[in-house]
Amino acid sequence: MSEATSIPLPVLGQTSQASMSIALVGNPNAGKTTLFNSLTGLRAKTANFPGTTVDHRQATIVLEGEVHQLVDLPGAYSLEGISPEEEVTRDALMGKLGDKAIPDVIVLVLDATQLTRNLVFGSQILELGRPTIVALNMIDEAEANGLEISVEQLSEELGCEVVPIAARHGRNLDELLNKLNALVKQPVAGTCGSAAACAGCSGCQYSSRFRWATDLTRRSVQGEQTARTYTNEKIDRIVTHRWVGLACFATLMAVVFMLIFWLASFPMDWLDGMFASTSELVGGFLPEGDFRDLITEGLIGGVGGMLVFLPQIFILFFMITLLEDSGYLARAAFVMDRLMYRVGLPGKAFVPFLAAHACAIPAIMSSRVIDDRRDRLNTILIIPLMTCSARLPVFAMVVALMFPDNAVLAGLTFAAAYAIAIIGALAISFVFRRTILPGKTKPLVIELPPYRLPSLRNALTTSLDQSRLFVRKAGTTILVFSLVLWVLATYPKATPEMLPTSWQDQLSQVEATGDADAYDTMLAQAQSEYSIAGRMGKFIQPAFAPLGYDWRLSVGVINSFAAREVMVSTLAVLYGAGDEEEGLLGSLRQARDASGSLVFTTPTCLSLLIFYIFAMQCFPTLVVVKRELKGWKWPAFQLVYMTLVAYVGALITYQASLYFLGA
Ligand SMILES: Nc1nc2c(ncn2[C@@H]2O[C@H](COP(=O)(O)OP(=O)(O)OP(=O)(O)O)[C@@H](O)[C@H]2O)c(=O)[nH]1
Ligand SMILES: [Mg+2]
């Protein structure tokens, strides 16, 4: 880590001067956020995808004991740009962003491999005549590409310090900090040297800037960049092809999911077994009774049932981050845009959609980049259909129940669930654009970033962050839900005499056979139906019977209306996963309904899968939609339409698969 973060924050009063504000400015994908992260020790999202940062972000850095504000800004191509991100950057530079003053010092981040294009915007920044320092980033890549850049020449012609760095590898950041420190101590405005574009000219034409940038690049850069570019173009021709590109995307995703399944199955088996034996071990120490059951079934069963899926969450985010960093996902965005445009979604919606695969909430907020109101509304309405991480435990459970020993089929089904969500979302958008939100959309203009060896560290920190969020949820929300549910599913406790006569008859029949195990199982089932949860479940079960759910599954669905991942822990508690040696999946696989038939048949599993793909079961998302669209009308509409689609979809799936596959 850099010097800036290793110096401890000073105690208040030690800073003699008022702190300066330092802004990171440059083209999209130049590495501003990567630099910001390495200077501040933060983990703001970076990606090999232009337009990753859409709002400003600030943090403190310490230079020789002085605390300063470092501001990361969205990338821009020009100061006259019309996109909302470019507006944020322009406002920030002009001191019009909220209560922020004009930045005291500018760090102009240039991508050394794309010097000409970066200098076009750079000339506008230099022209502002503010104290500026140039961070010539990606110098590692420039060198690997065979480019030799004369830093002295650039520095002389730009009229300010130029420091070659590789933000991603922390290379030369100390020199950058030293020079930055000198500039902060003595802020001198750049002179623009002999830069023809800006010497004495303000508001130059794009063409003259471009000519100046090309000439300057020619004077300061030696070497050709042809070999790689040529291969990139060849690959791009394939992966961005109208149909071949789509097929590539689908195949790649399917392979990724199969890999995730296969890889995750080892730690998952291990975790499942570990929770089962922990439950047994803890149970052995506690005296028999309700408290022991609360701990083994409610606590370990409920929370463990959810944590089993941690490996899949981790590996999924790891792979997605690698793909994004490699530059491939920008190509996928390009390919998908052709489809999205047809169904009336703006190309800019791809980034929110991608983000929605982690969580709908930041995705809905990032849809602010879409300027047209209807485009944005349409995007927000379908964002929660994307497969967010909260759905993963449910999908993973269902798929594991269907294909316990077949990673290929399991992976394919999982990938199909993603595909159904995307296709469903496109179809629904199509309908909305032709009914409630008519109008034309803008196609996407995206610059394809270079292919790049993905950063393992970035992938690791992203997936660790996501895993931590997941574990925190399991330790808080899920924990409370599991304990409350255990109480509801246990009380009032019935002795055999208190049960309805139909149960008493069945129990005495089983007792007559002398099979004590069968008697215990039946008594436990009768008791759970007698409990509050059991009665509620039986009350609502008729509504879910056509979808193939028994009363416990119905309780699960209702229970997870506020947060979908609660489903798995609910089932773990209701089907007594903490109680069994087989762990969660084993006990679900053997679960039987009142009539004695297996609960998790293929039709029921498929119906559950479809229900959870489409249902809006996330209260926080509804609150955020309300906040963004200022009112409850649209979130209410969203809740109703998604639940309806989910119910009807699951109904059709269950009935059709019952017809074709049998129970
Ligand atoms: N090889 C190499 N890659 C880098 C370097 N700095 C950043 N990157 C990569 O460049 C990509 C873009 O980095 P970001 O920091 O997200 O770029 P940004 O300028 O913030 O982009 P926007 O937010 O879209 O404006 C990521 O894949 C980084 O890992 C570097 O010094 N060398
Ligand atoms: Mg950024």
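Let me start with a definition: helices (H or I, at least four residues) and strands (E, at least two) are DSSP runs, numbered from the N terminus. With that in hand, hello everyone, and let's walk through this structure together.

A word on where the numbers come from. This is a predicted model, in which local features need pLDDT of at least 70 and side-chain atom pairs count only at pLDDT 80 or more, while totals for chains, interfaces and linings use all residues. Residues are numbered from 1 along each chain as its sequence is written, chains are lettered from A and ligands numbered from 1 in the order in which they are written, and side-chain values use heavy atoms, with hydrogens and water left out.

Let's begin with strand β1, residues 21–26. How many of its six residues are buried? Six of the six are, where buried means under 20% relative accessible area, exposed means over 50%, and partly exposed is in between, using a 1.4 Å probe and protein chains only. In a regular strand the side chains alternate between the two faces of the sheet. Here, Ser-21, Ala-23 and Val-25 sit on one side and Ile-22, Leu-24 and Gly-26 on the other, and both faces are covered.

Now for the neighbours of β1. Two strands pair if DSSP finds at least two bridges between them. Four bridges link β1 with strand β3, residues 66–72, and the two run parallel. Within that pairing, Ser-21 stands opposite Gln-69. Strand β4, residues 105–111, is joined to β1 by five bridges, and this pair also runs parallel. There, Val-25 has Leu-108 as its bridge partner.

Most residues other than glycine have a negative phi, and most peptide bonds are trans. Asn-29, though, is not a glycine and has a positive phi of about 70°. Asn-29 is also buried, with a relative accessible area of 17%.

Next comes helix α2 itself. Eight of its nine residues are buried, so α2 is largely enclosed by the rest of the structure. Among those buried residues are Lys-32, Leu-35, Phe-36 and Leu-39.

Which residues coordinate the magnesium ion, ligand 2? They are Thr-33 and Thr-53, each through its OG1 atom, at 1.9 to 2.0 Å. Thr-33 lies in α2, residues 32–40, and Thr-53 in the loop between α2 and β2 (57–63), so the pair ties together parts that are 20 residues apart in sequence. Donors here are N, O and S atoms within 2.8 Å of the metal (3.2 Å for Na, K and Ca), and water is not among the atoms, so sites may look incomplete. Both threonines are buried: Thr-33 has a relative accessible area of 8%, and Thr-53 has 15%.

Now look at ligand 1. It has 25 residues around it, and the closest are Lys-32, Thr-33, Thr-34, Gly-51 and Thr-53; a residue counts as near if one of its heavy atoms lies within 4 Å. A backbone N or O atom of Gly-31 is 2.9 Å from an oxygen atom of ligand 1. Glu-141 places a polar side-chain atom 3.0 Å from a nitrogen atom of ligand 1, and a backbone N or O atom of Ala-167 lies 2.9 Å from an oxygen atom of ligand 1. How much of the ligand does the protein cover? It covers 99% of the 650 Å² of accessible area that ligand 1 has on its own, by the Shrake-Rupley method with a 1.4 Å probe. The elements giving two or more residues to this shell are α2 and α5 (139–144), and the largest share, three residues, comes from α2.

Met-138 sits in the loop between β5 (132–137) and α5. Its phi is near 65°, a positive value in a residue other than glycine, and at 10% relative accessibility Met-138 counts as buried.

One last stop, further along the chain. Tyr-491 and Pro-492 are joined by a cis peptide bond, with omega about -10°. You will find Pro-492 in the loop between α20 (477–490) and α21 (501–513).

How values were computed. A polar contact is a pair of N or O atoms within 3.5 Å; within protein, one must be able to donate a hydrogen and the other to accept it, and residues adjacent in sequence count only if both atoms are side-chain atoms.
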